[in-house]
Amino acid sequence: MTQSHPRISKAVIPAAGLGTRFLPATKATPKEMLPVVDKPAIQYVVEEAVSAGLDDVLMITGRNKRPLEDHFDRNYELESALQKKGDAGRLAKVQESSDLATMHYVRQGDPRGLGHAVLCAAPHVGHEPFAVLLGDDLIDPRDPLLQRMIEVQEQHGGSVIALMEVDPGQIHLYGCAAVETTADGDVVKVTGLVEKPDAADAPSSYAVIGRYVLDPHVFDILRRTEPGRGGEIQLTDALQQLAQDEKVGGPVHGVVFKGRRYDTGDRGDYLRAIVRLACEREDLGPDFRTWLRSYVAEEMQQS
């Protein structure tokens, strides 16, 4: 019999990072505001939360992140100018971001890691389960990962993390989960977690990607969690404790994701994400794909 658990209504988006991998572009512009085609990356993430039914969004920000707040706020001067021009299309695009969700903001005073950023959400979240979405991972809206994770959490309680099978040579870039199979083909039970292990020490090839549905007991654990890898408070360490002791906050399950994911965490993957998304756009795709084929063919001839 399916158990009943509190309905998730809140999403937390950590966005306090410095974006050092994208310098000098991020010297004055938050990395979350870098455009992916014609929308900032952060808007894709908020849209994903809203599509999963989470329209109460808390963003964890830091210094120099004011443009994030401005983007999801009204811009009356710009709207008025577009309205006077009769440019209804662009006006709708401008208003779309401010109408997406109920947005809240809190600053992470010290950059002490993802675990600390999540802990900053405790006063807003309270005693409800909640979702965490990282802005470096963009999930294609045709593959509703977060909705599936919420379904699993409502069924089993506890916490749910998103997992993706990666090449063993890449596992050192991710948190890694030790798992047991369940009756559901896309769901595993997580028995342990380790942050960025060497390939030889990795318990599996299942990497943790940037989507979490968390039991609020994680806050109590984070308050007691000492800095780990990199001198930061790691969310992975707190989830490891939850996985080892189900009495604390329920079990930890993983949803194995095999859909379309756009990694904007480094420059190469960011460019590839832009190309893939542009190719799939109805308004841009046909002409862009034609140009891209011509460009690749020309490059191959020259090489």
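**View 1. Arg 142 and Asp 140 pair up in a salt bridge.** Their closest N and O atoms sit 2.8 Å apart, and a salt bridge here is a side-chain nitrogen of Lys or Arg within 4 Å of a carboxyl oxygen of Asp or Glu. Keep in mind that this is a predicted model, where local features need pLDDT of at least 70, side-chain atom pairs count only at pLDDT 80 or more, and totals for chains, interfaces and linings use all residues. Residues are numbered from 1 along each chain as its sequence is written, and side-chain values use heavy atoms, with hydrogens and water left out. Asp 140 counts as buried because its relative accessibility is 3%, while Arg 142, at 46%, is partly exposed. (Buried means under 20% relative accessible area, exposed over 50%, partly exposed in between, with a 1.4 Å probe and protein chains only.) By the salt-bridge rule, the count comes to 20.

**View 2. Glu 128 reaches Lys 10 from a distant part of the chain.** The two form a salt bridge with 3.8 Å between the closest N and O atoms. They are 118 residues apart: Lys 10 belongs to strand 1 (residues 10-14), and Glu 128 to the loop between helix 6 (122-125) and strand 6 (130-133). Helices (H or I, at least four residues) and strands (E, at least two) are DSSP runs, numbered from the N terminus. With 12% relative accessibility, Lys 10 is buried; Glu 128, at 28%, is partly exposed.

**View 3. The largest pocket has a volume of about 1,500 Å³.** Grid points are joined across faces, edges and corners, and the volume is the space filled by probe spheres set on them. Of the 46 lining residues, Arg 21, Lys 31, Leu 134, Asp 136 and Lys 196 are the closest to the centre. Arg 21, Lys 31 and Asp 136 are also linked in a network of salt bridges. Strand 11 (206-214) gives the most to the lining, four residues.

**View 4. The second largest pocket comes in at about 830 Å³.** Its lining has 37 residues, and the closest to the centre are Lys 39, Gln 43, Tyr 44, Glu 47 and Glu 96. Helix 1 (41-51) supplies the largest share, six residues. By class, the lining has 15 nonpolar, seven polar and 15 charged residues.

**View 5. Trp 291, Tyr 295, Val 296 and Met 300 make a nonpolar surface patch.** Together they have about 440 Å² of accessible area, from the Shrake-Rupley method with a 1.4 Å probe. Patch members have over 30% relative accessible area and no salt bridge, and nonpolar side chains are joined within 5 Å. Met 300 lies in helix 12 (residues 285-302) and counts as exposed, at 61% relative accessibility.

How values were computed:
Patch = residues over 30% accessible without salt bridge, like charges linked within 9 Å, V, L, I, M, F, W, Y side chains within 5 Å. 1 Å grid on protein atoms, 1.4 Å probe; cavity = no way out; pocket = protein on both sides within 12 Å on 5 of 7 lines; lining within 4 Å. Nonpolar A, V, L, I, M, F, W, Y, C, P; charged D, E, K, R; others polar.
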